[in-house]
Amino acid sequence: CSMLFVDGKFDTLCRYRCILANLNTSLLMKNLIFKLLYSINLILEESTKRGDIQSFISKLRPYTTEKELIRLGPSGDGGYLVPDDLKDIEACFSPGVGELFGFEIDCASLGMKVYLSDASVNSPNISEFQFQSKFIGPVTYHNFITVDDWVNSQQLSPDSDLLLQMDSEVYEYLSIVSMSSEVLNRFRIIVLEVHNLNKLGNLQFFNLVNSAVDKLLLNHTCVHIHPNNYRKVDTRLGYEIPRALELTFFRNDRFSEKRPTNSFPHVLDSDSSSKKHFALPDIWYKK
């Protein structure tokens, strides 16, 4: 039976879909019932198969390479684990600024140029940063700009490696799907915060997220996962799914060995908020 989402909930109301599917009634009557449900804000959505969700989780299983992980940024929110392979990265691109700059300050201290983009905040008063008041999205229009147009508009060496740290509150998926392979593959390291994973049961949303992850995994490998404890773990889809995850991807040409990571949390991991701690569920890193 497909899932009925009402403000993110479907457990009881999903039964309506099962009942309607088995009613021996006319198409006209079924359409009338669907319109009635819609009129009272009950929206029926096609659901993702449980096996597809399991496959999605499996493909994100993190690996350990010969490059040790280090932490850039502070303990807590705004700090992330990345491979210790930062030499000669020319620039860090960081869309979704907020009010924390510890990660970007550490990148600048390593000699990287730092580019920030966010239309919801004022420019930070940090001379080393280059800031634009735009959101990152799938097209360049009005106050949105694509990652491609952003990167290509800067005075950078054409073959240099870059670093991407993206926290764009759901726009991350469309931004990655719309990114060219040429620009995506310039990013040696990608730190990506993904949101709303509790909605993976919605087939349309799942397809978008899954497409973004598949594109990343063409030439990058997930080397770290950290659950953001600002939001809870969701269990309604049959798996323990943190609503927000911080993912680190490492370009495949930068390492020669890898093995599955079988222990979490990493010693350098730190909770993202003062809310209740929870560990990364086993299903995300154990077979």
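Met29 has a relative accessibility of 39% and counts as partly exposed, a class that lies between buried (under 20% relative accessible area) and exposed (over 50%), with a 1.4 Å probe and protein chains only. This residue is placed in helix H2, residues 27–39. Together with Leu28 and Leu32, Met29 forms a nonpolar patch on the surface, and the three have about 300 Å² of accessible area together. Patches are built from residues with over 30% relative accessible area and no salt bridge; like charges are joined within 9 Å, and nonpolar side chains (Val, Leu, Ile, Met, Phe, Trp, Tyr) within 5 Å.

## The model and its chain

This is a predicted model, in which local features need pLDDT of at least 70 and side-chain atom pairs count only at pLDDT 80 or more, while totals for chains, interfaces and linings use all residues. Residues are numbered from 1 along each chain as its sequence is written, and side-chain values use heavy atoms, with hydrogens and water left out.

The chain contains 8 helices and 17 strands. Both are DSSP runs numbered from the N terminus, helices (H or I) having at least four residues and strands (E) at least two. The chain has 287 residues, and 48% of them count as buried. Its accessible surface is about 14,600 Å², 50% of it belonging to carbon and sulfur atoms; such areas come from the Shrake-Rupley method with a 1.4 Å probe, and for residues only the protein chains shown count as cover. Among contacts (heavy atoms within 4.5 Å) with a separation of 6 or more, 69% join residues 24 or more positions apart.

## Nonpolar cores

The largest nonpolar core has 45 residues, and Phe56, Phe93, Phe187, Leu200 and Trp284 touch the most other members. Helix H8 (residues 203–216) supplies the largest share of this core, 6 residues. Apart from it lies another core of 23 residues, including Val82, Cys92, Phe129 and Leu163. A core of this kind is a set of buried Ala, Val, Leu, Ile, Met, Phe, Trp, Tyr and Cys residues joined through side-chain atoms within 4.5 Å.

Phe206 is located in helix H8 and is buried, with a relative accessible area of 4%. Leaving aside neighbours within four places in sequence, Phe206 is in contact with Thr48, Asp52, Ile53, Phe56 and Leu200. Phe206 and Phe56 are 150 residues apart in sequence, yet their C-alpha atoms are 9.2 Å apart.

## Salt bridges

The whole structure holds 9 salt bridges, each a side-chain nitrogen of Lys or Arg within 4 Å of a carboxyl oxygen of Asp or Glu. In one of these, Asp214 pairs with Lys59, and the closest N and O atoms are 2.7 Å apart. Asp214 belongs to helix H8 and Lys59 to helix H3 (residues 50–59), so the pair ties together parts 155 residues apart in sequence. Both partners count as partly exposed, Asp214 at 33% relative accessibility and Lys59 at 27%.

Arg188 and Asp161 form a salt bridge at 2.9 Å, N to O. This pair links strand E12 (residues 187–194), which holds Arg188, with strand E11 (residues 161–166), which holds Asp161, and the two residues are 27 residues apart. Arg188 is buried at 3% relative accessibility, and Asp161 is buried with a relative accessible area of 12%. Arg188 and Asp161 also belong to a network of salt bridges with Asp85, Arg251, Asp253 and Arg254.

## One face of helix H4

In helix H4 (residues 102–109), the buried residues are Phe103, Glu104 and Cys107. Viewed down the axis of H4, they fall within an arc of 95 degrees, so they line one face of the helix. The arc is that of the directions from the helix axis to the C-beta atoms. Just after H4, Gly111 has a positive phi of about 95 degrees.

## Backbone exceptions

Most residues other than glycine have a negative phi, and most peptide bonds are trans. Asp88, which is not a glycine, has a positive phi of about 70 degrees. Asp88 sits in the loop between strand E5 (80–83) and strand E6 (89–95), and is exposed at 61% relative accessibility.

His142 also has a positive phi, near 55 degrees. Its place is the loop between strand E9 (135–136) and strand E10 (144–145), where His142 is exposed with a relative accessible area of 66%. The peptide bond from Phe264 to Pro265 is cis, with omega near 0 degrees; Pro265 is in the segment after strand E17 (258–260).
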